[in-house]
Amino acid sequence: MMAHLPSIALKLSHLQALVLFALVIAIAFGFLGRRQPIERLKYILWTLLLFLLIGVGIGWAMYPFSH
Amino acid sequence: MAEGETSAVAPARDSKSETMAFVVAAAGWLVPGLGHALLKMWGRAVVCFLTVGVLVMVGAGMRGNLFTSRGNDAFDSLGYIADLGTGSFYLVARSLEADGPDVSHADGDYGTRFLATAGVFNLLAALHAYEAARGRKA
């Protein structure tokens, strides 16, 4: 029998979930992929921008099929 | 003579560093960031730990599906492998999801992806630590 930790209930909108995911993964990739701080920062910003643009772009591309 | 000694010692050293690399990778898988911490890559260690931690907390908070070994099809098995990638955080996610998963809403579906991403990212980080321990550019 496993003891349960106090559960947390999260309600995020689609955009909030997308932004949180993109931010966390962009930072992680930046730290793993680059060594120099300035290079990391550039990589993080670029990855974050691409995540958001592609995510929102795919969302709009699927929009006509939702009706 | 000196050349002979060098060639005899080198394989032993290689074997030792290879074993060390495996230990680093296993530690990194079991506790996210520990592999990099063993290599004194503190920034990467903290980021790996926090990334996997945040993704697991959010994924479990959104009541994502945490796969078990009793899956019905290949996708369930793949999901289980991805979730197991979080190492010890798999148990944390299980204990956080006291009410079980709820994928009847978009939140739960997002949560499932957060949990799987945490596992796959941790496997990637463990592989990165393994390569760094072997002396590859990282």
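Visitor: What covers the buried residues of α5(B)?

Guide: In this predicted model, helix α5 of chain B spans residues 89-96, and its buried residues are Phe89(B), Tyr90(B), Ala93(B), Ser95(B) and Leu96(B). Buried here means under 20% relative accessible area, exposed means over 50%, and partly exposed lies in between, with a 1.4 Å probe and protein chains only. Helices are DSSP runs of H or I with at least four residues, strands are runs of E with at least two, and both are numbered from the N terminus. The cover of those buried residues, where contact means heavy atoms within 4.5 Å, includes α3, α4 (74-84) and α6 (106-133) of chain B.

Visitor: How are residues and chains numbered and lettered, and which pLDDT limits apply?

Guide: Residues are numbered from 1 along each chain as its sequence is written, while chains are lettered from A and ligands numbered from 1 in the order in which they are written. Side-chain values use heavy atoms, leaving out hydrogens and water, and the limits are pLDDT of at least 70 for local features and pLDDT 80 or more for side-chain atom pairs, whereas totals for chains, interfaces and linings use all residues.

Visitor: Is Met57(B) buried or exposed, or partly exposed?

Guide: Met57(B) sits in helix α3 (residues 42-61) of chain B, and it touches Ile8(A) and Leu96(B), leaving aside residues up to four places away in sequence. Because its relative accessibility is 36%, Met57(B) counts as partly exposed.

Visitor: Why is α1(A) called roughly antiparallel to α3(B), and at what angle do the axes cross?

Guide: Axes are lines fitted to C-alpha atoms, for helices over the stretch in contact, and angles between N-to-C directions run from 0 to 180 degrees. Angles under 35 degrees count as roughly parallel, over 145 as roughly antiparallel, 65 to 115 as roughly perpendicular and the rest as oblique. The axes of helix α1 (residues 14-33) of chain A and α3(B) come within 9 Å and cross at roughly 160°. The pair is therefore classed as roughly antiparallel.

Visitor: Which residues touched by Leu123(B) lie beyond four places away in sequence?

Guide: Leu123(B) belongs to helix α6 of chain B and is partly exposed, with a relative accessible area of 37%. Once residues up to four places away in sequence are set aside, Leu123(B) touches Trp29(B) and Gly85(B).

Visitor: What share of the residues in chain A is buried?

Guide: Chain A has two helices and zero strands. Of its 67 residues, the buried ones make up 19%.
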